[in-house]
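Okay, thanks for coming, everyone. I'd like to walk you through one model today, so let me put it up on the screen.

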Amino acid sequence: MPVSVPFRFPAVAGLLAALALLGTQCHQSVSGVLGTPVGALNAGRGVVQPVVVTSPVRYDTDDPAIWVNPADPAQSLVVGTDKASDGGLYVFDLQGKEVLGKTVHGLKRPNNVDIGYGLLLGGHPTDFALVTERETSLLRAFCLPDMQPLDHGNLAVFAGDAAGDRMPMGVAIYTRPTDGAQFAVVGRKTGPRAGYLAQYQLADDGAGQLKMALVRQFGAWSGKKEIESIAVDNELGFIYYSDEGVGVRKYYADPARGNAELALFAQTGFTEDHEGISIYKTGPRTGYLLVSDQGASQFRFFPRQGTPADPNAHPELRAVRVAAHFSDGSDVTNVPLNPQFPYGLFVAMSDNKTFHYYRWEDLLGPDLKAVQ
């Protein structure tokens with residue numbers, strides 16, 4: 001899910017670079033590698049190939065998130081879920097190698113993961129990975145980059161609902177610009193037609209661990225499949241989520257602004273299932289929404305800022321085929337990380353137990369005009 005780093009103006013297409021990064025309590029150097037990358041699955045004319053393929057996970061890749069190291073972006077990490085009853089949260093470096101001693105095993109069917117930055121825990125700004133654990137109806141939190149737990153196993157979601165409606169899948173973190181408050185937005189395997197998502201405020205429990213409090217349940221569901229992929233635009237203040245087989249729904253991220261649906265777009269042209277949503281920011285209000293067209297192994301581009309006539313209109317700009325096969329989750333950052341990723345990194349899950357790393361300039365392509 002999309003990383004919550006402040007936007008950076010990428011140098012691609014003549015845009016300027018500017019970066020403001022948040023601190024972290026748990027920063028340390030990354031060391032050690034394991035595994036050998038395996039090959040991409042899709043090929044052919046027009047298919048964008050990754051520059052890195054990660055070591056394979058044990059069972060079933062599902063969703064990645066990018067942690068941008070504030071002290072040294074070249075030491076940034078990718079965390080990704082391995083979806084199984086004995087699943088895990090894998091940690092990879094920018095070369096796609098699993099980082100020894102960092103992967104968390106024994107999670108009960110982890111689905112989606114997102115990254116929070118600078119939350120005050122124990123009096124220190126702390127970066128963390130937040131992951132849904134479907135079989136326990138919990139969220140789990142781990143400090144970055146050391147991956148030590150930040151919860152007591154008590155971050156229950158959808159409490160009071162029927163047991164079948166309490167299985168969390170999607171998660172995204174919203175950081176409110178006005179006061180820095182952080183919230184987890186959570187989707188589930190199945191639920192009611194209205195109030196399908198829940199939003200929880202995150203805070204210190206007084207002992208340096210994470211606690212959360214429900215602030216609202218909101219969001220429509222078509223009833224057709226499920227809602228898993230969620231993305232949050234902190235600066236513009238919007239939540240986007242994929243109502244699979246129907247489209248992408250848009251809501252305000254700040255609970256104080258109400259629960260009215262602002263848009264339902266991306267309703268046509270998808271082969272099978274709307275999945276991962278990522279937000280690439282080219283400026284304070286501009287950029288791209290990338291939505292996985294899972295059955296076609298491609299990502300469709302939409303304007304982040306809408307159109308001049310309607311900020312809630314998001315017409316499709318183009319579709320980009322990728323080597324990642326049947327991609328579910330994805331994440332993107334516009335921060336230059338190293339010489340291999342000078343304009344940012346796009347990561348997509350592939351159904352051969354790997355995650356694929358793409359250079360943003362390769363994904364953008366020479367014929368896609370910058371959104372004005």
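Before I go on, some housekeeping. This is a predicted model, so local features need pLDDT of at least 70 and side-chain atom pairs count only at pLDDT 80 or more, while totals for chains, interfaces and linings use all residues. Residues are numbered from 1 along each chain as its sequence is written, and side-chain values use heavy atoms, with hydrogens and water left out.

Now the overall picture. The protein has one helix and 23 strands; those are DSSP runs numbered from the N terminus, helices being H or I with at least four residues and strands E with at least two. It has 372 residues, and 59% of them count as buried. Take the contacts (heavy atoms within 4.5 Å) with a separation of 6 or more: 55% of these are between residues 24 or more positions apart.

Back to the rings. How many aromatic pairs does a search of the whole structure find? It finds 17. Another of the pairs is Tyr-240 with Phe-265: centres 6.1 Å apart, planes at 80°, so edge-to-face. That one ties together distant parts of the chain, with Tyr-240 in strand S14 (residues 238–243) and Phe-265 in strand S16, 25 residues apart. Tyr-240 is buried at 0% relative accessible area, and Phe-265 is buried too, at 6%. Both rings also belong to a cluster, linked by ring pairs, with Phe-238, Tyr-252 and Phe-302.

Arg-216 has its charged end over the ring of Phe-218, 3.8 Å from the centre. Arg-188 lies over the face of Tyr-196, at 5.8 Å from the ring centre.

Next, the backbone. Which peptide bond is cis? The one joining Leu-144 and Pro-145, with omega at about 5°. Pro-145 is in the loop between strand S8 (138–143) and strand S9 (168–175). That loop between S8 and S9 also holds Phe-158, which has a positive phi of about 55° without being a glycine. Phe-158 is buried, at 1% relative accessible area. Arg-109 has a positive phi as well, near 55°, and is found in the loop between strand S5 (104–107) and strand S6 (110–121). Arg-109 counts as partly exposed, at 24%.

Last stop: Asp-273, in the loop between strand S16 (263–265) and strand S17 (274–281). Is Asp-273 buried or exposed? Buried, at 11% relative accessibility. Its side chain makes a polar contact of 2.6 Å with that of Lys-225. By polar contact I mean N or O atoms within 3.5 Å; within protein, one must be able to donate a hydrogen and the other to accept it, and residues adjacent in sequence count only if both atoms are side-chain atoms. Leaving aside neighbours within four places in sequence, Asp-273 also touches Glu-244, Gly-245, Ser-292, Asp-293 and Gln-294.

Conventions. Buried < 20%, exposed > 50% of the residue type's maximum accessible area, 1.4 Å probe, protein only. Phe/Tyr/Trp six-rings, centres within 6.5 Å; stacked < 30°, edge-to-face > 60°. Lys NZ or Arg CZ within 6 Å of the ring centre and 35° of its normal.
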